[in-house]
Protein chains: 4
Amino acid sequence: MEATPTVSIVGASGYSGAELYSLLSRHSSVRIGKLFANTSAGKPFFDVFPRFSVNSKHSDAPVLEQYSPDAACSSELIFIALPSGEAMRIVPELLQRGKRIIDLGGDFRLKNVSVYEHYYKHQHSSPALLNQAVYGLPEWNREAIRKANLVANPGCYPTSALLPLLPLLKEKVIRDDGIVINSLSGVSGAGRSASPEMSFAEVNESVKAYKVAVHQHTPEIRSVLSDLTGRKISVSFVPHLLPITRGIYTSIYAPLAQDASLEHILEVFRSHYDLEPFIRFSQERIPEIKHVTNTNFLDIGFRIDRENNMLILISSLDNLFKGAAGQAVQNMNIMFGLNETEGLL
Amino acid sequence: MEATPTVSIVGASGYSGAELYSLLSRHSSVRIGKLFANTSAGKPFFDVFPRFSVNSKHSDAPVLEQYSPDAACSSELIFIALPSGEAMRIVPELLQRGKRIIDLGGDFRLKNVSVYEHYYKHQHSSPALLNQAVYGLPEWNREAIRKANLVANPGCYPTSALLPLLPLLKEKVIRDDGIVINSLSGVSGAGRSASPEMSFAEVNESVKAYKVAVHQHTPEIRSVLSDLTGRKISVSFVPHLLPITRGIYTSIYAPLAQDASLEHILEVFRSHYDLEPFIRFSQERIPEIKHVTNTNFLDIGFRIDRENNMLILISSLDNLFKGAAGQAVQNMNIMFGLNETEGLL
Amino acid sequence: MEATPTVSIVGASGYSGAELYSLLSRHSSVRIGKLFANTSAGKPFFDVFPRFSVNSKHSDAPVLEQYSPDAACSSELIFIALPSGEAMRIVPELLQRGKRIIDLGGDFRLKNVSVYEHYYKHQHSSPALLNQAVYGLPEWNREAIRKANLVANPGCYPTSALLPLLPLLKEKVIRDDGIVINSLSGVSGAGRSASPEMSFAEVNESVKAYKVAVHQHTPEIRSVLSDLTGRKISVSFVPHLLPITRGIYTSIYAPLAQDASLEHILEVFRSHYDLEPFIRFSQERIPEIKHVTNTNFLDIGFRIDRENNMLILISSLDNLFKGAAGQAVQNMNIMFGLNETEGLL
Amino acid sequence: MEATPTVSIVGASGYSGAELYSLLSRHSSVRIGKLFANTSAGKPFFDVFPRFSVNSKHSDAPVLEQYSPDAACSSELIFIALPSGEAMRIVPELLQRGKRIIDLGGDFRLKNVSVYEHYYKHQHSSPALLNQAVYGLPEWNREAIRKANLVANPGCYPTSALLPLLPLLKEKVIRDDGIVINSLSGVSGAGRSASPEMSFAEVNESVKAYKVAVHQHTPEIRSVLSDLTGRKISVSFVPHLLPITRGIYTSIYAPLAQDASLEHILEVFRSHYDLEPFIRFSQERIPEIKHVTNTNFLDIGFRIDRENNMLILISSLDNLFKGAAGQAVQNMNIMFGLNETEGLL
């Protein structure tokens, strides 16, 4: 890139949008263009998120604007952080006008339109774009992302499950079936909205599983695993809501395909991830959410349950970083040919 | 009372209403009549509060009903646990039909209608009843409560401030002015509703003061202190929202009127509260919220700041017990001539 | 029983011991004898747990005593709530002196002494008693408990896993192998001690798996499942520490042995548990920890993952109630021939 | 400074030490020299704080060392983050050897040795240094800090109280007496140690006041206020422990000395703090802890309670940033003649 590129955020008043702002405002190689929001349009951004204010005067503070394609097109790349079903309405025009897009929602993560409509419970208005979209998992799709115009940023749960599973499936260390994925998520993963179920008094001092075996991230995990291995991989996935603000914790139970040792597992991770800047794996240490909070790292730990010939993989990430905005910035860095870690360490 | 009296709850789908149900369902001398709710009318009560379910069948489980005066009048006493401004609409007819009422809201706690309208921001439709209502603070109003038809159950913050202050003002140990009341409250005090400000991700890991010096409990504290001492007492009051579910913690800074010792303070509390079943005071121990959670106790501790001639009083209560439903049941016991602690220990 | 029996608690200064005190002090058919503690011996019980204090005077408050067999033998039944390895030192003498015992720790839950020593990392001093001890899971061992002198109260995790699994294994609805048990626990499950890992700042806003595949409750689950079905059942079990005070949440992934419907699963639970006072199962509702907190209920929910032919069972309990003290009181009621729910509703 | 200066941390295994590491490792104008710790000496720093690890290999990861004056003297400036009473033992030699020091503890904050010994409960071994030490509150002591060899970094509570109070006392807007300071603190303020009182199950869902009117920060607040105004200022101060990890929230009740308006208060803050990079004040917005978490900002809000002629000031800061490590780095920047905000935005 010659000049400093300008990027905009659609959905800047949500948690992922705010995290994007936070990361981009400290990024030295891009400039923030427009911040779009809907009900908060017209408000200074710092009124919605006072923590980003840098002094008492707010002199040239950014103002949230109502989205318009023309305003968005003053940027080279547009991040979309909207609820599912909304990105698909604005993406086609932006692509036509030559813009590059990173969609943090679920609209372009699946290839199969009927699976999308089954899990997301609404029709897809641009099914033709599903095959054009590139799944934005840098560790496995870096080259395609570099050239992509439309990047579907992975879901938080899928990122936590795909990264530990893929090397082991690739190397056939674990079996293709019988994989159990038990995930725990902080509340910010559900977005910023006023649902009684998300009120403090309901969430605090409790835990609940939800969308048991029917969560929309299940087909995302399955299809990416199958696409990248070329084999049909099946998984059982149950998400749970935790009384913490941010963080994903995923425990995976994978039947071993061979008589593997811990050293062998470590070697597989080494051969795939040794140069990856945002994956930390360890034979000794079991991940904890607090080790990844406010970072773009995905941590991986593992143990073997010999009595059941089961590999137990544990991963953790910050759902607003590697699970959303951080990974989106990582993708942007790749798309712009920048250092992949810029603005993320 | 000859037969077992029947009591009903208007607003049974809120937190105070649920706590009332919980207490009354274990009370051996009253029978629960109707449970009224608005948007949840028609639903089984256990669908709204599954924790109260007693088995897997829910055979003769209670059902929430839309409020009607006729249905309410099948009970001898009606608890009203509604947002401010709603009780005043149903109380007049119930009183006319000879029913006794305990209102857990703020509609009948103030005597002065213009003060009410200033702080509650809406008109009062039954100002004539303000003087008829008895302020339901058992430790100071027991005889009036016994005969009352309309009891205004005290607010959670006022209960936590009035009980430590009253004996000391009565005995002129502290001055009538310059009293500072700094209160902290768990989230359930705000009731059960879907406000974005009460969402877990907004409340967790934070604290904020709110309605600084303009909270509607300020005039309640002032007027009760003045009424019961016969002098004008002024207080500064700031409430804060805490990331916990239940509990009130109040720190009071009261300029001493005389050169009092800790032993003298203790003696004052002893002379007023030694026989009170729900007040625990201590010269050694500073209260903690966890000591009162799920109990009807108000705990009081105190220290003297000699350099400033200031008495520091600390009190704590469970906002759904002594701060709402527990105190309401205590009032009901008094009104029915029952043992005051029945169903509360 | 003719007269009101007296019971004592060894380890009354821990969380389970305190919960036992709380339950027994409200129990109308037993009398509390001695409260034994070690480092807190000599202190009034209410100094250690101020929340149980009933007034400001503490006149005849109980005092924690150093354990002695003679003092313990003034009671008919002794609850032992000590860390593993300590109960085995005092149980033999108490049994010899004709006392009945409910041990809330792990010393007598396993039948196989070498498995015990492998998982608990110390020798067993009374291996001969392992076969005499009765596993105190009332729903499956009621008759043996009634006559037992030594009841091994089940672990919190095992209770949450055994109760949903046993009926389905009995009826061969699920397979005997490939069962995954993913459990989450509040902090009180680890007992009351000053470990830096349990400090608020370390636990808060985080989650971690621990003792992955090597937790001492794994052989407890396996051996009870195998004993009660007569078949070898294998399970993978991973416990996780949650930032909440109390509660266990267990998600079980069990491969189906047959083409079962949800209705069939419901029917299996009905046939086994319809009369059980402390088990609530539901085809519609997925358990949440807050629905069982401060109750002796175990809640069970379930879903079928058709794509993987997997039954997903979710259970929840309060680790200090059904997971410890509540279940211990339930066992005591059975041993004394009392109503099983007395003091527990 | 010509070359990049090297700085070391004594007490790098505590919370403040870790935060210092985090800030300094991203600071572009200083180099981290040694990390000293006591019981953790010999361990890789990333084993103690895995969240700072930057990849899976930890190749040239720093190792915690046992403190020695010689090793420390390879740096130009030494941060000391030790419990009170320990810094005074190592400071004299370091000063003699020409090193500059920022002490994050309380050993050099008070001028009066007998007040120190009264509140800190141990003798001071270097009373002669008390007058040499510069109180490191940049907004009021910038020039002295620039030239200082020994900077006493302010306490977290005092920072939150002094910054809002000082301008108003300077301008005589508020009275010199009757000031009440009610502070709430997250748990990390107590440092990283294994006290049973700081365990999750004890702190969670509770609040308690502690060291009521006897906290060692009381004389720190009083003496700095008096030193900087030249008048005797008295305050009542009560700290409270909150169930959050980080953050200080201070509510100040200050009797007005004159009939001030909100606009006048705002103007006072403007005239003193308009150019301050880390103070945000607002007439509209009441601070919330979450707005300052992980930032070096101190937020100030205010209201007037007309009925009591009382100014209510609310302030909030992150106890590990502006309340400890952040302010220490700000002081270092001043001492080194760097941009004061470097590494802190």
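This passage describes the fold dimensions of one chain and the pairing of chains in a predicted model.

Chain A contains 12 helices and 13 strands. The radius of gyration of chain A is 20 Å, close to the 20 Å that the globule rule gives for 345 residues, so chain A is as compact as a globular protein of that length.

Chain C and chain A form one interface, in which 39 residues of chain C are in contact with 39 residues of chain A. About 3,400 Å² is buried between chain C and chain A, and carbon and sulfur atoms give 54% of this area. Polar contacts across the interface of chain C and chain A join 26 residue pairs, both residues being at pLDDT 80 or more. On the side of chain C that touches chain A, the elements giving two or more residues are the strands β7 (179-185), β8 (208-209), β9 (235-241), β10 (248-255), β12 (298-305) and β13 (310-317), together with the helix α11 (289-292). By class, this side of chain C comprises 21 nonpolar, 8 polar and 10 charged residues.

Charged side chains also pair between these two chains. Side chains of opposite charge can pair when their charged atoms come close. There are 6 salt bridges across the interface of chain C and chain A, while the count over all chains comes to 84. In one salt bridge, the side chains of D305(A) and R222(C) meet at 3.9 Å, N to O. This pair crosses between chains: D305(A) lies in strand β12 (residues 298-305) of chain A, and R222(C) lies in helix α9 (residues 217-229) of chain C.

The relation between the two copies was examined by superposition. Two copies of a chain are related by a rotation about an axis and a shift along it. Chain C can be laid on chain A by a turn of 180 degrees and a shift of 0.0 Å along the axis, with an RMSD of 0.0 Å. Of the interface residues of chain C, 100% are also interface residues in chain A, so the copies meet through the same surface.

A further interface is formed by chain D and chain B. Here 39 residues of chain D are in contact with 39 residues of chain B, and the area buried between these chains is about 3,400 Å², of which carbon and sulfur atoms give 55%. The rule finds 26 residue pairs in polar contact across the interface of chain D and chain B, both at pLDDT 80 or more. Elements that give two or more residues to the side of chain D that touches chain B include β7 (179-185), β9 (235-241) and α11 (289-292) of chain D. The residues of this side divide into 21 nonpolar, 8 polar and 10 charged.

Between chain D and chain B the count is 6 salt bridges. A salt bridge links E202(B) with K290(D), their closest N and O atoms being 3.3 Å apart.

Superposition of chain D on chain B gives an RMSD of 0.0 Å, by a turn of 180 degrees and a shift of 0.0 Å along the axis. The two copies are thus related as by a two-fold rotation axis. Chain D and chain B meet through the same surface, because 100% of the interface residues of chain D are also interface residues in chain B.

Methods:
Residues are numbered from 1 along each chain as its sequence is written. Chains are lettered from A and ligands numbered from 1 in the order in which they are written. This is a predicted model: local features need pLDDT of at least 70, side-chain atom pairs count only at pLDDT 80 or more; totals for chains, interfaces and linings use all residues. Side-chain values use heavy atoms; hydrogens and water are left out. Contact means heavy atoms within 4.5 Å. Buried area is the accessible area (1.4 Å probe) that two parts lose on being put together, summed over both. A salt bridge is a side-chain nitrogen of Lys or Arg within 4 Å of a carboxyl oxygen of Asp or Glu. A polar contact is a pair of N or O atoms within 3.5 Å; within protein, one must be able to donate a hydrogen and the other to accept it, and residues adjacent in sequence count only if both atoms are side-chain atoms. Helices (H or I, at least four residues) and strands (E, at least two) are DSSP runs, numbered from the N terminus. Ala, Val, Leu, Ile, Met, Phe, Trp, Tyr, Cys and Pro count as nonpolar, Asp, Glu, Lys and Arg as charged, and the others, Gly among them, as polar. Copies are superposed by least squares on the C-alpha atoms of residues with pLDDT of at least 70 in both. The radius of gyration is taken over C-alpha atoms; the globule rule is 2.2 Å times the number of residues to the power 0.38.
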